[in-house]
Amino acid sequence: MYRLYVDEVGTDDILHVDEDNHRYLSLTGVAMKIADARDDLTPKLDWIKAHVFDHDPDSPLIFHRSDIVKRKRAFGILNNEQKRQLFDRSIHRTMLTTQYTVITALIDKRGMIHQPHWKNQHPYHYLMEILIEKYTQFLERRNDIGDIMPEGRKGKKDTSLQKAFDKVMEKGTYYVSPNRIQTRIKSPTLKIRYKTDNIAGLQLCDLIAHPSHITIRERMQHPVVVGKFCALVREILLSEKYDRSATGQIQGYGYKWFP
């Protein structure tokens, strides 16, 4: 059984789409077998937390990309060159050797609001619908089942997302029927969790989501800045971790952008 861990980059705001910081939104899903998340990924991340950060097990350290980049709080130890190199090597090895598959959907909100056929005009819900569709197809190719665990946004947003999920489960998408979705995604509810829950799969997804977002925008020929960490993750994604067709095609499988 698989689990799709989901995290976003950007906002679902459609009022300020002329500003580059608000124009793009992406959802990244990391599909893993639950046993691999439990028996492989979690021990690997715990090893890094213990050996790089010497964290208190009763006060878990949560990997969060923006805190790592800014070296806030416990991540200030990365100002030590030796610790930083150990962290970089360990994260790279974890991303490379763990079994998972990445699917990212990205939307240019300024472009989409002018599309006459864009019916689901809630950007986050629209992208979740795409992820459900792609995840169903992924599970079909593997003849397996799964569920979905998004990182929660709390309050009304989580309730609204569950309602949008219910609708997709009931009506399907343009390309995938509700029966196909229900056959593969067995849980009728999203398994929403939060950063404080210390979920290894969500932390991996957090570290991958922004590099994947930048990778897609780079392929859209946007003038993005590809940092060292992003370039490292991009190589891993493109070489083997993005979902792909039997012939190796990534676009439309591992990533998709709209419009």
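Ground rules, quickly. This is a predicted model: local features need pLDDT of at least 70, side-chain atom pairs count only at pLDDT 80 or more, and totals for chains, interfaces and linings use all residues. Residues are numbered from 1 along each chain as its sequence is written, and side-chain values use heavy atoms, with hydrogens and water left out. Helices (H or I, at least four residues) and strands (E, at least two) are DSSP runs, numbered from the N terminus.

Back to α2. There is a kink of about 35° at Leu-41, shortly before the proline Pro-43. The bend is the angle between axes fitted to the seven residues ending at a residue and the seven starting there. Leu-41 is also buried, as are Ala-37, Leu-45, Ile-48, Lys-49 and Val-52. Buried means under 20% relative accessible area, exposed over 50%, partly exposed in between (1.4 Å probe, protein chains only). The cover over these residues includes β1 (2-10), β2 (24-33), α4 and α9. After α2 comes Asp-54, with a positive phi near 50°.

Next, α9. It has 20 residues, 200-219, and should span 28 Å at 1.5 Å a residue. Its end C-alpha atoms are 29 Å apart, which agrees. A kink of about 30° sits at Ile-208, shortly before the proline Pro-211. Of the 20 residues in α9, 17 are buried. Glu-218 lies in this helix. Glu-218 is partly exposed, at 26% relative accessible area. Beyond its neighbours within four places in sequence, Glu-218 is in contact (heavy atoms within 4.5 Å) with Val-224, Val-226 and Arg-234. Gln-221 follows α9, and its phi is positive, near 65°.

Last, a helix pair. The axes of α4 (residues 81-97) and α10 (residues 228-241) come within 10 Å and cross at roughly 15°. That makes α4 roughly parallel to α10. The cut-offs: under 35 degrees is roughly parallel, over 145 roughly antiparallel, 65 to 115 roughly perpendicular, the rest oblique. Axes are lines fitted to C-alpha atoms, for helices over the stretch in contact, with angles from 0 to 180 degrees between N-to-C directions. On the α4 side, the contact is made by Arg-84, Ile-91, His-92, Met-95 and Leu-96. The α10 side includes Phe-229, Leu-232, Val-233 and Ile-236.

Notes: The expected span of a helix is 1.5 Å times one less than its number of residues.
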